[in-house]
Amino acid sequence: MVSMERSGLVFRFPEVHAEAVLGVNFQRTLRIPDDHREYPLPPGLGRFPLDHVDDHAGRVPERWLQHGGVLLPMYQAEAMWIAFEAREYPFAVKVAAGKVNAVTGGAWDRELHARPQDYVVTPRQPWLDGFAVKKGVIRQFVAMPLGRGYTAEEQLTGEAEHGGLQICVYPMKAAVYERLRRPRMHSINASMVDACCAEIRSEMGLAPGGLMRQEVYDDPHGLKAWETAASGRCFVHIVNSAEYERITGRKPPTKPPTAEAYTRAGLPWFSYYDENAQALDGAPSLAGLDSVAALGWKKGEQPLEDNGPVAPQKVVPLGPVQGKVREGEF
Amino acid sequence: MEFGEFIREAREKLREQDSRYSVRQVAQRVGVEPAYLSKIERGEQAPPSEATIRRLAEDLGQDADVLLAMAGKISADLKEVICRRPQLFAALIRDLREMPDHAILRVVREVRDGDW
């Protein structure tokens, strides 16, 4: 089952294992410059608020009600990353934007595939910041209105049909988990988602932004380890911030600082390295997409304000040993 | 297990791999005196405030609700929910007292999955 707790999604599979619980939340962050340079990981600036679409039935498009799920607000050209809060229990997680798989660039389906691997594995993968364009490099998730042609979905399919984020979670088979953890049972553990002429809408999709150094890790367990009969999925609708206020009656979070202001304030960026994990190759179809800035230049538009380069001075290394805390306050 | 003992075990486990999890550094990050944290771990001092327990939970990668429960506290947001409709929630919680986890989970509101 999927529930909402503290502005995050919780996927629980009590029928598989009592410890099969995965939290997924959506972090506000800086938009890194979209300028062909590769940047380290930006901080987390707190979670985007989530709402059940059912709670706003009269004020959201009928299609959203068909999809079910949740909605969250983003400003145009705002960035996000997805945090996976797994304790020890492993999960395979498929992530798509506009039903375009963020790891492979392929069309959405409900199966897990190994070649190429089209999912991430938690807790090995603590977060995902964007589309996997090449080995060790992603393009940041950046919100753009559906209908203007910038989103990965519109660039790959020519249509602005779905938008939002789609997430599907598969727990590890209980027997595989028990075998895996037996050698390290010595300690206790707490407890426990025709373009150019289309109507521009208040719904948002995710477009490829600037380049960031982040590895998407391989699956060390293999396809047979996953309980594919027990999956939980959620459609995360993205609405522009002005529309969010009309729908929910609540103000959206304030705009995040610019990368330049954040860096000038001497605040940290991050890097993450897991020496025991292998990084996947990026997806050629995703590598071929235009970034928001590049497509804006081709279209004679300037979709990104404050896109000047920055030079992060303070980069905090994180890893499985050092800890995975990337959330900060500004 | 007592609150202090649990905190110490969780911290020591992290310290095996990362020296930043010494009493001194954890205390510094959560904003208390090292001697105070040490006494809490030894059970010589009552558990700290809700805000401190939440910071400890974040620093040690633990669940805040679990730590609060071990400390005999109920989080402020839950108190607010109960106080808004005390009779209803008191009755609900008493009814759920003996129910197994899977039955309680049926009461939790699910994020509805639709057709997509």
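In this predicted model, the axes of helix α6 (residues 76-84) and helix α7 (residues 86-96) of chain B come within 5 Å and cross at roughly 110°. That angle makes α6(B) roughly perpendicular to α7(B), because anything from 65 to 115 degrees falls in that class. On the α6(B) side, the residues that meet the partner helix are B:Val81, B:Ile82, B:Cys83 and B:Arg84. From α7(B) come B:Pro86, B:Phe89 and B:Ile93. Sorted by class, this contact has six nonpolar residues and one charged residue, with no polar ones at all.

The contact brings B:Val23, B:Arg24, B:Val26 and B:Ala27 of α2(B) up against B:Pro34, B:Leu37, B:Ser38 and B:Glu41 of α3(B). By class, the residues in this contact split into five nonpolar, one polar and two charged. As for why both an angle and a distance get quoted, two packed helices are described by the angle between their axes and the distance between the axes.

Now for the place where the two chains meet. Chain A puts 32 residues into the contact, and chain B puts in 22 residues. Together the chains bury about 2600 Å², with 50% of that area on carbon and sulfur atoms. There are also 11 residue pairs in polar contact between chain A and chain B, counting pairs with both residues at pLDDT 80 or more. On the chain A side, the elements that give two or more residues are β1 (2-5), β2 (8-12), α1 (62-67) and β16 (232-240). The class tally for that side of chain A is 14 nonpolar, 10 polar and eight charged residues.

What about salt bridges? Four of them are found across the interface of chain A and chain B. One links A:Arg6 with B:Asp65, where the closest N and O atoms are 2.4 Å apart. Over all chains, the count comes to 30 salt bridges. Among them is a pairing within chain A, where the side chains of A:Arg264 and A:Glu260 meet at 3.0 Å, N to O. These two residues both sit in helix α5 (residues 259-264) of chain A, and being four residues apart there, A:Arg264 and A:Glu260 are separated by about one helical turn.

Terms used
Residues numbered from 1 in each chain as written. Chains lettered and ligands numbered in written order. Predicted model: local features only at pLDDT ≥ 70, side-chain atom pairs only at ≥ 80, totals over all residues. Heavy atoms only, no water. Contact = heavy atoms within 4.5 Å. Buried area = accessible area lost by both parts, 1.4 Å probe. Salt bridge = Lys/Arg side-chain N within 4 Å of Asp/Glu carboxyl O. Polar contact = N/O pair within 3.5 Å; in protein donor to acceptor, adjacent residues only side chain to side chain. Nonpolar A, V, L, I, M, F, W, Y, C, P; charged D, E, K, R; others polar. Axes fitted to C-alpha atoms, helices over the stretch in contact; angles between N-to-C directions. Parallel < 35°, antiparallel > 145°, perpendicular 65-115°, else oblique.
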